[in-house]
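Here is my note on the model you sent over, point by point.

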Amino acid sequence: MPRRKSKKRPCRICRKWFTPDPRVGDRQKTCGDQECKRKWHTKKCAEWNRKNRNYAQENYFSDKLVLAVRQSDDSKSPSLAAATTNPPVPGPSTAQFPRLPRSLIQEAMGAQHLVIIEYITQQLFMLVQEVTSRQHIKNTGDSQQLSPRRC
């Protein structure tokens with residue numbers, strides 16, 4: 001039985017017409033150029049990550065917990081002297097609230113608790129940024145509708 005020859009179609013990235021490889025057939029979406037393949041792959045990965053955001057976050061979080069537990073097991077209770085030899089450099093944001101060395105916090109609380117608190121803090125920070133950017137967009141939209149000043 002002879003294979004049916006696929007019809008030409010435009011590449012989904014560069015829009016050049018190409019004849020798909022008969023072994024791939026209708027599944028081939030790009031012309032075969034390495035740049036087009038890479039861009040298509042990046043696009044599909046971003047789409048998958050948007051659809052499966054919770055899956056990726058849960059895997060990242062669980063991997064981070066496992067890594068923290070391993071690191072804490074490897075360095076059973078670091079000494080106070082070792083933790084304070086490299087204090088963090090205070091910057092403008094840490095002038096009022098000095099940072100504690102991560103190893104001291106981990107020793108006091110435990111690795112898993114520290115990772116959970118870091119994760120919750122990161123999520124809260126991202127939410128605050130999102131709300132702030134929405135307010136900025138709303139405020140700039142409102143400012144265009146202001147009436148001109150009268151002297």
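**Notes on the model**

1. Let me start with R15, which is exposed because its relative accessibility is 53%; here buried means under 20% relative accessible area, exposed over 50% and partly exposed in between, using a 1.4 Å probe and protein chains only. R15 sits in the loop between β1 and β2. Its phi is positive, about 65°, although R15 is not a glycine. For background, most residues other than glycine have a negative phi.

2. A word on how to read everything here: this is a predicted model, in which local features need pLDDT of at least 70, side-chain atom pairs count only at pLDDT 80 or more, and totals for chains, interfaces and linings use all residues. Residues are numbered from 1 along each chain as its sequence is written, and side-chain values use heavy atoms, with hydrogens and water left out.

3. How confident is the predictor? The average pLDDT of the chain is 75, and 69% of the residues score at least 70; pLDDT is the predictor's confidence in each residue, from 0 to 100. Please be careful with residues 78-95, where pLDDT stays under 50 and the model has ten contacts beyond four places in sequence. A contact means heavy atoms within 4.5 Å. Where pLDDT is low, the predicted coordinates should not be read in detail.

4. Now the overall layout. The chain has five helices and two strands, and from the N terminus on its elements run β-β-α-α-α-α-α. Both kinds are DSSP runs numbered from the N terminus: helices are H or I with at least four residues, and strands are E with at least two. Of the 151 residues, 13% count as buried. The chain exposes about 13200 Å², with carbon and sulfur atoms supplying 56% of that area; accessible areas come from the Shrake-Rupley method with a 1.4 Å probe, and for residues only the protein chains shown count as cover. Among contacts between residues at least 6 apart in sequence, 32% join residues at least 24 apart.

5. How many salt bridges does a search of the whole structure find? There are six, a salt bridge being a side-chain nitrogen of Lys or Arg within 4 Å of a carboxyl oxygen of Asp or Glu. One of them pairs the side chains of D26 and R9, at 3.2 Å from N to O. D26 lies in the loop between β2 and α1 and R9 in strand β1 (residues 9-10), so this pair ties together parts that are 17 residues apart in sequence. D26 is exposed, with a relative accessible area of 54%.

6. The side chains of E35 and R38 meet at 2.4 Å, N to O. These two are three residues apart in helix α1, so about one helical turn separates them. E35 counts as partly exposed at 36% relative accessibility, and R38 does as well at 46%.

7. Further along, the side chains of K44 and E47 form a salt bridge at 3.4 Å, N to O. Both lie in helix α1, three residues apart, or about one turn of the helix. Salt bridges that share partners join K44, E47 and K51 into one network. K44 is partly exposed at 34% relative accessibility, as is E47 at 25%.

8. Have a look at Q28 as well, in the loop between β2 (17-18) and α1 (34-51). Is Q28 buried or exposed? Q28 counts as buried because its relative accessibility is 15%. Its side chain reaches the backbone oxygen of T30 at 3.1 Å. Leaving aside neighbours within four places in sequence, Q28 is in contact with R9, F18, P20 and D21.

9. On cysteines, the structure holds zero disulfides, a disulfide being a pair of cysteine sulfur atoms within 2.5 Å. C11 is in none, and the nearest cysteine sulfur, that of C14, is 3.7 Å away. C11 is buried, with a relative accessible area of 0%, whereas C45 is partly exposed at 33%.

10. One last stop is S103, found in helix α4 (residues 102-109). S103 counts as partly exposed, at 25% relative accessibility. The C-alpha atoms of S103 and L114 are separated by 9.9 Å, the two being eleven residues apart along the chain.

Conventions:
Polar contact = N/O pair within 3.5 Å; in protein donor to acceptor, adjacent residues only side chain to side chain.
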